[in-house]
Amino acid sequence: MTEVDYSMSTDSAPRPADANLMPPLPPQPKSLRETGLERPLVVELIAKLMFVGGKTHLSALTTRLRLSINVLREVLDFMVMEQMAEVAWRGESDIDVQYQLTNAGKQRASAFLERCAYIGAAPVTLEAYRAMVARQSWLAQEQRVGSDDLAAVLGGAHAGPGMLDVVGAALHSGRSLLLYGPPGSGKSTLALQLGQLLHGLVAVPYAIVVGQDIIQLYDPAQHLPPAPQHVSHARQALERRSTDIRWVLCQRPVIHVGAELDAGMLELRLDASGGCYQAPPHVRANNGMLIVDDLGRQRLGAQELLTRLMQPLARGSDQLGLPGGVQISVPFDNALVLATNVPPGELFDPALLRRIGYKVQVGPLVESAYRALFRQQCRLAGMAIDELTLNHLLQLHGAQGRPLLASYPQELLARIGDFAGFAGCEARLTVDALEQAWSSLFASCDMPAASLCERIA
(Lines give C-alpha, C1' and ligand atoms only; values in the text may rest on other atoms or scores of the structure.)
Protein backbone atom coordinates (compact mmCIF):
# COMPACT_ATOMS: atom_id res chain seq x y z
CA MET A 1 0.00 0.00 0.00
CA THR A 2 1.31 3.43 -0.87
CA GLU A 3 2.45 5.45 2.11
CA VAL A 4 1.64 9.12 1.98
CA ASP A 5 2.72 12.53 3.12
CA TYR A 6 0.88 13.21 6.34
CA SER A 7 2.82 16.21 7.60
CA MET A 8 0.90 19.35 8.38
CA SER A 9 3.46 21.41 6.49
CA THR A 10 5.77 20.24 3.72
CA ASP A 11 7.89 23.36 3.49
CA SER A 12 10.78 23.65 5.91
CA ALA A 13 12.16 27.13 6.32
CA PRO A 14 15.95 27.30 5.99
CA ARG A 15 17.75 28.53 9.03
CA PRO A 16 19.73 31.76 8.62
CA ALA A 17 22.96 29.96 9.44
CA ASP A 18 22.66 27.78 6.33
CA ALA A 19 24.06 30.45 4.03
CA ASN A 20 27.17 30.69 6.20
CA LEU A 21 27.74 26.94 6.37
CA MET A 22 28.73 26.23 2.80
CA PRO A 23 31.16 23.36 2.36
CA PRO A 24 34.76 24.55 1.96
CA LEU A 25 35.37 23.83 -1.71
CA PRO A 26 38.97 22.86 -2.49
CA PRO A 27 41.04 25.41 -4.40
CA GLN A 28 41.48 25.01 -8.12
CA PRO A 29 44.65 23.03 -8.88
CA LYS A 30 47.12 25.22 -10.77
CA SER A 31 49.39 22.33 -11.73
CA LEU A 32 49.19 18.61 -12.28
CA ARG A 33 50.91 18.05 -8.96
CA GLU A 34 48.20 19.96 -7.11
CA THR A 35 45.49 17.69 -8.56
CA GLY A 36 47.00 14.76 -6.68
CA LEU A 37 46.76 12.70 -9.87
CA GLU A 38 49.48 10.83 -11.68
CA ARG A 39 50.31 12.11 -15.15
CA PRO A 40 49.61 8.79 -16.92
CA LEU A 41 46.00 8.88 -15.66
CA VAL A 42 45.37 12.38 -17.04
CA VAL A 43 47.10 11.47 -20.30
CA GLU A 44 44.76 8.49 -20.57
CA LEU A 45 41.64 10.58 -19.92
CA ILE A 46 42.64 13.18 -22.53
CA ALA A 47 43.59 10.55 -25.11
CA LYS A 48 40.33 8.63 -24.76
CA LEU A 49 38.27 11.79 -25.02
CA MET A 50 40.07 12.91 -28.18
CA PHE A 51 39.92 9.40 -29.65
CA VAL A 52 36.12 9.44 -29.39
CA GLY A 53 35.63 13.11 -30.29
CA GLY A 54 38.33 13.74 -32.87
CA LYS A 55 39.66 17.30 -33.00
CA THR A 56 38.93 18.75 -29.58
CA HIS A 57 39.03 22.34 -28.41
CA LEU A 58 40.89 23.12 -25.21
CA SER A 59 37.71 24.54 -23.66
CA ALA A 60 35.87 21.28 -24.42
CA LEU A 61 38.55 19.32 -22.59
CA THR A 62 38.13 21.60 -19.60
CA THR A 63 34.38 21.10 -19.59
CA ARG A 64 34.46 17.33 -19.92
CA LEU A 65 37.43 16.55 -17.69
CA ARG A 66 36.73 19.28 -15.11
CA LEU A 67 40.39 20.28 -15.06
CA SER A 68 41.81 23.78 -15.40
CA ILE A 69 43.42 25.02 -18.60
CA ASN A 70 46.79 25.25 -16.85
CA VAL A 71 46.69 21.58 -15.84
CA LEU A 72 45.55 20.47 -19.28
CA ARG A 73 48.22 22.50 -21.04
CA GLU A 74 50.88 20.93 -18.85
CA VAL A 75 49.77 17.43 -19.82
CA LEU A 76 49.07 18.29 -23.47
CA ASP A 77 52.56 19.75 -23.83
CA PHE A 78 53.89 16.41 -22.62
CA MET A 79 51.67 14.52 -25.07
CA VAL A 80 52.85 16.72 -27.96
CA MET A 81 56.47 16.17 -26.94
CA GLU A 82 55.83 12.41 -26.84
CA GLN A 83 54.18 12.64 -30.28
CA MET A 84 50.88 11.36 -28.94
CA ALA A 85 49.02 14.57 -29.81
CA GLU A 86 49.43 17.64 -32.00
CA VAL A 87 47.92 21.07 -32.42
CA ALA A 88 45.24 20.83 -35.12
CA TRP A 89 44.29 24.50 -35.19
CA ARG A 90 45.22 27.66 -33.33
CA GLY A 91 43.26 30.90 -33.07
CA GLU A 92 44.28 34.36 -32.03
CA SER A 93 44.28 33.76 -28.27
CA ASP A 94 46.35 31.31 -26.26
CA ILE A 95 43.29 29.34 -25.22
CA ASP A 96 41.72 29.24 -28.69
CA VAL A 97 43.36 26.01 -29.77
CA GLN A 98 42.32 22.53 -30.93
CA TYR A 99 44.23 19.32 -30.43
CA GLN A 100 44.09 15.93 -32.12
CA LEU A 101 45.78 12.58 -31.63
CA THR A 102 48.60 11.40 -33.83
CA ASN A 103 48.50 7.88 -35.24
CA ALA A 104 50.64 6.71 -32.35
CA GLY A 105 48.30 8.50 -29.94
CA LYS A 106 45.28 6.78 -31.47
CA GLN A 107 46.89 3.39 -30.96
CA ARG A 108 47.60 4.23 -27.34
CA ALA A 109 44.08 5.58 -26.81
CA SER A 110 42.54 2.43 -28.29
CA ALA A 111 44.53 0.34 -25.82
CA PHE A 112 43.43 2.63 -23.00
CA LEU A 113 39.78 2.14 -23.93
CA GLU A 114 40.13 -1.63 -24.01
CA ARG A 115 41.47 -1.56 -20.47
CA CYS A 116 39.03 1.02 -19.11
CA ALA A 117 36.14 2.60 -21.01
CA TYR A 118 35.67 5.46 -18.51
CA ILE A 119 35.48 8.87 -20.21
CA GLY A 120 34.42 11.60 -17.86
CA ALA A 121 35.41 14.00 -15.15
CA ALA A 122 38.87 13.58 -13.70
CA PRO A 123 38.67 11.92 -10.29
CA VAL A 124 39.94 13.17 -6.95
CA THR A 125 42.13 11.10 -4.68
CA LEU A 126 40.66 8.93 -1.96
CA GLU A 127 42.63 10.98 0.58
CA ALA A 128 41.01 14.21 -0.65
CA TYR A 129 37.57 12.61 -0.43
CA ARG A 130 38.19 11.41 3.14
CA ALA A 131 39.26 14.92 4.16
CA MET A 132 36.18 16.52 2.57
CA VAL A 133 33.75 14.10 4.26
CA ALA A 134 35.41 14.83 7.60
CA ARG A 135 35.11 18.61 7.13
CA GLN A 136 31.49 18.33 6.08
CA SER A 137 30.74 16.07 9.03
CA TRP A 138 31.94 18.85 11.29
CA LEU A 139 29.67 21.32 9.48
CA ALA A 140 26.72 18.95 9.99
CA GLN A 141 27.34 19.09 13.74
CA GLU A 142 26.91 22.85 13.53
CA GLN A 143 23.51 22.34 11.89
CA ARG A 144 21.84 20.31 14.61
CA VAL A 145 18.12 19.73 14.26
CA GLY A 146 15.98 21.70 16.70
CA SER A 147 12.38 21.34 17.80
CA ASP A 148 11.29 24.19 15.52
CA ASP A 149 12.86 22.47 12.51
CA LEU A 150 11.11 19.21 13.33
CA ALA A 151 7.74 20.89 13.82
CA ALA A 152 8.08 22.83 10.55
CA VAL A 153 8.57 19.62 8.55
CA LEU A 154 6.48 17.07 10.43
CA GLY A 155 3.83 19.26 12.03
CA GLY A 156 1.44 17.78 14.54
CA ALA A 157 -0.05 14.90 12.61
CA HIS A 158 1.97 12.14 14.26
CA ALA A 159 0.48 9.93 16.91
CA GLY A 160 2.11 8.73 20.07
CA PRO A 161 3.24 10.67 23.13
CA GLY A 162 6.77 12.01 22.82
CA MET A 163 7.26 10.63 19.32
CA LEU A 164 8.68 13.85 17.88
CA ASP A 165 11.01 14.17 20.87
CA VAL A 166 12.51 10.74 20.19
CA VAL A 167 12.91 11.45 16.47
CA GLY A 168 14.49 14.81 17.25
CA ALA A 169 16.90 13.29 19.75
CA ALA A 170 17.99 10.68 17.21
CA LEU A 171 18.69 13.31 14.55
CA HIS A 172 20.43 15.57 17.05
CA SER A 173 22.71 12.79 18.23
CA GLY A 174 23.41 11.35 14.77
CA ARG A 175 22.62 7.87 16.05
CA SER A 176 20.59 5.29 14.11
CA LEU A 177 16.79 5.36 14.18
CA LEU A 178 14.37 2.45 13.77
CA LEU A 179 10.78 3.18 12.71
CA TYR A 180 8.43 0.24 13.14
CA GLY A 181 4.69 -0.26 12.79
CA PRO A 182 1.96 -1.72 10.58
CA PRO A 183 1.88 -1.29 6.79
CA GLY A 184 0.34 2.01 5.80
CA SER A 185 1.24 3.82 9.01
CA GLY A 186 3.51 6.23 7.16
CA LYS A 187 6.98 5.01 8.14
CA SER A 188 8.48 5.40 4.69
CA THR A 189 7.04 8.88 4.29
CA LEU A 190 8.21 9.87 7.76
CA ALA A 191 11.74 8.65 6.95
CA LEU A 192 11.84 10.64 3.72
CA GLN A 193 10.51 13.72 5.47
CA LEU A 194 13.34 13.49 7.97
CA GLY A 195 15.66 14.05 5.02
CA GLN A 196 14.14 17.52 4.68
CA LEU A 197 15.76 18.35 8.02
CA LEU A 198 19.26 18.02 6.57
CA HIS A 199 20.30 21.63 6.11
CA GLY A 200 23.02 23.08 3.94
CA LEU A 201 25.01 21.77 0.98
CA VAL A 202 27.76 19.23 0.49
CA ALA A 203 30.50 18.88 -2.09
CA VAL A 204 30.57 15.50 -3.84
CA PRO A 205 33.30 14.46 -6.29
CA TYR A 206 32.36 13.09 -9.67
CA ALA A 207 34.70 10.17 -9.05
CA ILE A 208 37.61 9.03 -6.91
CA VAL A 209 40.68 7.11 -7.96
CA VAL A 210 42.50 4.29 -6.20
CA GLY A 211 45.57 3.15 -8.10
CA GLN A 212 44.32 2.67 -11.65
CA ASP A 213 40.70 2.05 -10.64
CA ILE A 214 38.08 4.79 -10.86
CA ILE A 215 35.03 4.75 -8.58
CA GLN A 216 32.10 6.87 -9.73
CA LEU A 217 30.47 8.50 -6.74
CA TYR A 218 28.30 11.37 -8.00
CA ASP A 219 24.83 10.32 -9.17
CA PRO A 220 22.60 13.15 -10.47
CA ALA A 221 19.50 11.14 -9.59
CA GLN A 222 20.53 10.98 -5.93
CA HIS A 223 22.75 14.03 -5.48
CA LEU A 224 20.21 16.76 -6.12
CA PRO A 225 21.07 20.36 -7.08
CA PRO A 226 20.92 23.06 -4.41
CA ALA A 227 17.46 23.97 -3.13
CA PRO A 228 16.14 27.44 -4.12
CA GLN A 229 17.30 29.06 -0.90
CA HIS A 230 20.88 27.96 -1.62
CA VAL A 231 21.11 28.54 -5.38
CA SER A 232 22.63 32.00 -5.21
CA HIS A 233 25.27 30.97 -2.65
CA ALA A 234 26.15 27.86 -4.65
CA ARG A 235 26.41 29.86 -7.86
CA GLN A 236 28.74 32.38 -6.21
CA ALA A 237 30.94 29.57 -4.93
CA LEU A 238 31.13 27.80 -8.29
CA GLU A 239 31.67 30.97 -10.30
CA ARG A 240 34.87 31.66 -8.42
CA ARG A 241 37.66 30.44 -10.65
CA SER A 242 39.62 29.52 -7.55
CA THR A 243 37.56 26.37 -6.84
CA ASP A 244 38.15 22.80 -7.96
CA ILE A 245 35.36 21.94 -10.42
CA ARG A 246 35.87 18.20 -9.96
CA TRP A 247 33.44 18.63 -7.03
CA VAL A 248 29.68 19.17 -7.32
CA LEU A 249 27.69 21.23 -4.84
CA CYS A 250 24.41 19.50 -4.00
CA GLN A 251 21.86 18.99 -1.26
CA ARG A 252 22.84 16.64 1.48
CA PRO A 253 21.93 13.26 -0.03
CA VAL A 254 19.00 11.14 1.12
CA ILE A 255 19.49 7.65 -0.32
CA HIS A 256 16.49 5.31 -0.10
CA VAL A 257 16.80 1.54 -0.57
CA GLY A 258 14.19 -1.14 0.04
CA ALA A 259 13.55 -4.83 -0.43
CA GLU A 260 15.82 -4.87 -3.51
CA LEU A 261 18.89 -4.39 -1.31
CA ASP A 262 21.23 -7.38 -1.24
CA ALA A 263 24.77 -8.01 -0.05
CA GLY A 264 26.27 -7.25 -3.46
CA MET A 265 24.77 -3.76 -3.50
CA LEU A 266 26.83 -2.88 -0.42
CA GLU A 267 30.08 -3.53 -2.29
CA LEU A 268 31.81 -1.85 -5.22
CA ARG A 269 30.12 -2.92 -8.44
CA LEU A 270 31.99 -2.96 -11.75
CA ASP A 271 30.14 -1.13 -14.51
CA ALA A 272 31.62 -2.84 -17.53
CA SER A 273 30.03 -0.46 -20.04
CA GLY A 274 31.13 2.63 -18.13
CA GLY A 275 34.58 1.30 -17.38
CA CYS A 276 34.52 2.14 -13.68
CA TYR A 277 33.20 0.97 -10.33
CA GLN A 278 29.95 2.28 -8.89
CA ALA A 279 29.99 3.34 -5.26
CA PRO A 280 27.48 1.51 -3.00
CA PRO A 281 24.48 3.44 -1.62
CA HIS A 282 25.87 3.88 1.90
CA VAL A 283 28.94 5.61 0.46
CA ARG A 284 26.87 7.82 -1.84
CA ALA A 285 24.87 8.81 1.25
CA ASN A 286 27.92 10.22 3.04
CA ASN A 287 27.20 13.50 4.88
CA GLY A 288 23.50 12.77 4.39
CA MET A 289 21.01 10.06 5.26
CA LEU A 290 20.66 6.39 4.34
CA ILE A 291 17.12 4.99 4.59
CA VAL A 292 16.72 1.20 4.59
CA ASP A 293 13.02 0.54 4.04
CA ASP A 294 11.06 -2.71 4.25
CA LEU A 295 13.64 -4.12 6.64
CA GLY A 296 13.19 -7.87 6.87
CA ARG A 297 12.22 -8.33 3.22
CA GLN A 298 15.74 -8.12 1.77
CA ARG A 299 17.49 -11.11 0.26
CA LEU A 300 19.89 -11.20 3.19
CA GLY A 301 18.63 -11.52 6.74
CA ALA A 302 17.87 -8.42 8.77
CA GLN A 303 20.38 -9.47 11.41
CA GLU A 304 23.12 -9.88 8.82
CA LEU A 305 22.21 -6.62 7.07
CA LEU A 306 22.24 -4.58 10.24
CA THR A 307 25.55 -6.10 11.35
CA ARG A 308 26.99 -5.27 7.92
CA LEU A 309 25.98 -1.62 8.32
CA MET A 310 26.35 -0.93 12.02
CA GLN A 311 29.94 -2.02 12.49
CA PRO A 312 31.47 0.23 9.80
CA LEU A 313 29.07 3.05 10.72
CA ALA A 314 30.39 2.95 14.28
CA ARG A 315 33.97 3.15 12.93
CA GLY A 316 33.11 5.89 10.47
CA SER A 317 34.62 3.90 7.60
CA ASP A 318 33.96 0.79 5.56
CA GLN A 319 36.30 -1.69 3.91
CA LEU A 320 35.57 -2.29 0.22
CA GLY A 321 37.30 -4.73 -2.09
CA LEU A 322 39.00 -4.16 -5.44
CA PRO A 323 40.51 -6.77 -7.79
CA GLY A 324 43.56 -8.60 -6.57
CA GLY A 325 42.41 -8.66 -2.97
CA VAL A 326 43.02 -4.93 -2.48
CA GLN A 327 40.99 -3.49 0.39
CA ILE A 328 40.34 0.23 0.63
CA SER A 329 38.95 2.23 3.52
CA VAL A 330 36.18 4.64 2.49
CA PRO A 331 34.25 7.06 4.72
CA PHE A 332 30.89 5.92 6.09
CA ASP A 333 29.35 8.97 7.71
CA ASN A 334 25.59 9.37 7.50
CA ALA A 335 22.38 9.19 9.49
CA LEU A 336 20.95 5.67 9.31
CA VAL A 337 17.16 5.35 9.35
CA LEU A 338 15.53 1.90 9.29
CA ALA A 339 11.85 1.14 8.68
CA THR A 340 10.04 -2.17 9.12
CA ASN A 341 6.56 -3.70 9.39
CA VAL A 342 7.92 -6.54 11.52
CA PRO A 343 8.13 -6.30 15.34
CA PRO A 344 11.79 -5.52 16.11
CA GLY A 345 12.06 -8.44 18.54
CA GLU A 346 11.36 -10.83 15.67
CA LEU A 347 14.12 -9.34 13.50
CA PHE A 348 17.03 -8.88 15.89
CA ASP A 349 18.48 -10.50 18.95
CA PRO A 350 18.58 -8.30 22.07
CA ALA A 351 22.27 -7.45 21.70
CA LEU A 352 21.89 -6.15 18.14
CA LEU A 353 18.64 -4.38 18.90
CA ARG A 354 20.39 -2.56 21.72
CA ARG A 355 22.93 -1.17 19.26
CA ILE A 356 20.22 0.70 17.35
CA GLY A 357 20.24 4.18 18.82
CA TYR A 358 16.51 5.02 18.94
CA LYS A 359 13.31 3.09 18.27
CA VAL A 360 10.00 4.74 17.39
CA GLN A 361 6.69 2.98 16.95
CA VAL A 362 4.63 4.53 14.15
CA GLY A 363 1.06 3.40 14.63
CA PRO A 364 -2.47 4.61 13.97
CA LEU A 365 -3.22 8.31 14.24
CA VAL A 366 -5.40 9.82 16.91
CA GLU A 367 -8.77 11.01 15.61
CA SER A 368 -7.89 14.72 15.60
CA ALA A 369 -4.70 14.09 13.63
CA TYR A 370 -6.54 11.82 11.17
CA ARG A 371 -9.17 14.49 10.57
CA ALA A 372 -6.49 17.12 10.03
CA LEU A 373 -4.66 14.86 7.61
CA PHE A 374 -7.84 14.11 5.65
CA ARG A 375 -8.56 17.83 5.30
CA GLN A 376 -5.02 18.44 4.14
CA GLN A 377 -5.27 15.68 1.52
CA CYS A 378 -8.58 17.12 0.29
CA ARG A 379 -6.85 20.44 -0.31
CA LEU A 380 -4.03 18.73 -2.17
CA ALA A 381 -6.53 16.77 -4.28
CA GLY A 382 -8.55 19.90 -5.06
CA MET A 383 -11.72 18.51 -3.43
CA ALA A 384 -13.96 20.52 -1.16
CA ILE A 385 -14.06 19.06 2.32
CA ASP A 386 -17.42 17.78 3.52
CA GLU A 387 -17.48 17.36 7.27
CA LEU A 388 -20.50 15.01 7.21
CA THR A 389 -18.64 12.69 4.85
CA LEU A 390 -15.56 12.89 7.04
CA ASN A 391 -17.68 11.93 10.06
CA HIS A 392 -19.02 9.01 8.03
CA LEU A 393 -15.45 7.92 7.27
CA LEU A 394 -14.67 7.77 10.98
CA GLN A 395 -17.85 5.68 11.49
CA LEU A 396 -16.68 3.25 8.79
CA HIS A 397 -13.33 2.87 10.54
CA GLY A 398 -15.12 2.12 13.82
CA ALA A 399 -17.70 -0.24 12.34
CA GLN A 400 -15.11 -2.37 10.54
CA GLY A 401 -12.33 -2.04 13.09
CA ARG A 402 -9.95 -0.35 10.68
CA PRO A 403 -7.16 1.60 12.39
CA LEU A 404 -6.70 5.25 11.48
CA LEU A 405 -3.58 4.75 9.39
CA ALA A 406 -1.92 7.68 7.62
CA SER A 407 -2.05 6.12 4.15
CA TYR A 408 -5.85 5.86 3.97
CA PRO A 409 -6.91 9.47 3.27
CA GLN A 410 -4.77 9.91 0.17
CA GLU A 411 -5.63 6.41 -1.07
CA LEU A 412 -9.37 6.93 -0.68
CA LEU A 413 -9.36 10.36 -2.31
CA ALA A 414 -7.29 9.06 -5.21
CA ARG A 415 -9.87 6.32 -5.81
CA ILE A 416 -12.70 8.82 -5.74
CA GLY A 417 -10.83 10.69 -8.45
CA ASP A 418 -10.30 7.48 -10.44
CA PHE A 419 -13.98 6.56 -10.41
CA ALA A 420 -14.99 10.10 -11.33
CA GLY A 421 -12.50 10.27 -14.18
CA PHE A 422 -13.69 6.96 -15.60
CA ALA A 423 -17.32 8.07 -15.44
CA GLY A 424 -16.60 11.49 -16.90
CA CYS A 425 -17.91 13.23 -13.76
CA GLU A 426 -16.39 15.79 -11.44
CA ALA A 427 -14.70 14.26 -8.42
CA ARG A 428 -16.63 15.24 -5.30
CA LEU A 429 -16.41 14.09 -1.73
CA THR A 430 -19.77 12.50 -0.89
CA VAL A 431 -20.86 9.60 1.28
CA ASP A 432 -21.63 7.43 -1.76
CA ALA A 433 -18.31 8.25 -3.41
CA LEU A 434 -16.46 7.53 -0.17
CA GLU A 435 -18.23 4.18 0.29
CA GLN A 436 -17.38 3.16 -3.25
CA ALA A 437 -13.70 4.01 -2.70
CA TRP A 438 -13.75 2.23 0.67
CA SER A 439 -15.27 -0.91 -0.82
CA SER A 440 -12.68 -1.04 -3.61
CA LEU A 441 -9.84 -0.56 -1.14
CA PHE A 442 -10.92 -3.09 1.47
CA ALA A 443 -13.02 -5.49 -0.64
CA SER A 444 -16.05 -4.76 1.52
CA CYS A 445 -19.15 -6.20 -0.14
CA ASP A 446 -21.78 -4.78 2.19
CA MET A 447 -21.97 -1.34 0.57
CA PRO A 448 -25.10 -0.37 -1.42
CA ALA A 449 -24.73 -0.61 -5.19
CA ALA A 450 -25.34 2.34 -7.52
CA SER A 451 -24.17 3.64 -10.85
CA LEU A 452 -20.90 5.49 -10.98
CA CYS A 453 -22.40 8.90 -11.70
CA GLU A 454 -25.13 8.41 -9.07
CA ARG A 455 -22.47 7.76 -6.44
CA ILE A 456 -20.35 10.73 -7.43
CA ALA A 457 -23.20 13.19 -8.04
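Tyr408, Trp438 and Phe442 make up one aromatic cluster in this predicted model. Across the whole structure, a search returns three aromatic pairs.

| Pair | Centre to centre | Angle between planes | Class |
|---|---|---|---|
| Tyrosine 206 and tyrosine 218 | 5.3 Å | 70° | edge-to-face |
| Tyrosine 408 and phenylalanine 442 | 5.2 Å | 90° | edge-to-face |

Tyrosine 206 is in the loop between strand S6 (201–205) and strand S7 (207–210), while tyrosine 218 is in the loop between strand S8 (213–216) and helix H10 (228–239). Their pair therefore ties together parts that are twelve residues apart in sequence. Tyrosine 206 has a relative accessible area of 22% and is partly exposed. Tyrosine 218, at 18%, counts as buried, because buried means under 20% relative accessible area.

The other tabulated pair joins two helices: tyrosine 408 belongs to helix H17 (residues 408–423) and phenylalanine 442 to helix H18 (residues 431–442). The pair ties together parts that are 34 residues apart in sequence. Tyrosine 408 and phenylalanine 442 are both buried.

Charged side chains give two further local features. Arginine 39 places its charged end over the ring of phenylalanine 78, at 3.8 Å from the ring centre. Helix H2 (residues 39–53) contains lysine 48. Is lysine 48 buried or exposed? Lysine 48 counts as buried, with a relative accessibility of 1%. With neighbours within four places in sequence left aside, the contacts of lysine 48 are Ala109, Phe112, Leu113, Cys116, Ala117, Tyr118 and Ile119.

The strands come next. S2 pairs with strand S3 (residues 97–101) in the antiparallel sense, over five bridges. Arginine 90 has valine 97, in S3, as its bridge partner.

Another open sheet is built from five strands in the order S4-S7-S8-S12-S11, and its pairing is mixed. Here strand S4 (124–125) and strand S11 (269–271) stand at the edges, and each has a single partner strand, so one side of each is without a neighbour in the sheet. Within this order, S7 and S8 are joined over four bridges in the antiparallel sense. For valine 210, the bridge partner is aspartate 213 in S8.

Why is helix H9 (residues 187–194) described as largely enclosed by the rest of the structure? The reason is that seven of its eight residues are buried. The buried residues in H9 are Lys187, Ser188, Thr189, Leu190, Ala191, Gln193 and Leu194. Their packing partners include both helices and strands: helix H7 (147–154) and helix H8 (163–173), together with strand S5 (177–180), strand S13 (289–292) and strand S16 (335–340).

Conventions:
Residues numbered from 1 in each chain as written. Predicted model: local features only at pLDDT ≥ 70, side-chain atom pairs only at ≥ 80, totals over all residues. Heavy atoms only, no water. Phe/Tyr/Trp six-rings, centres within 6.5 Å; stacked < 30°, edge-to-face > 60°. Buried < 20%, exposed > 50% of the residue type's maximum accessible area, 1.4 Å probe, protein only. Lys NZ or Arg CZ within 6 Å of the ring centre and 35° of its normal. Contact = heavy atoms within 4.5 Å. Pairing = 2+ DSSP bridges.
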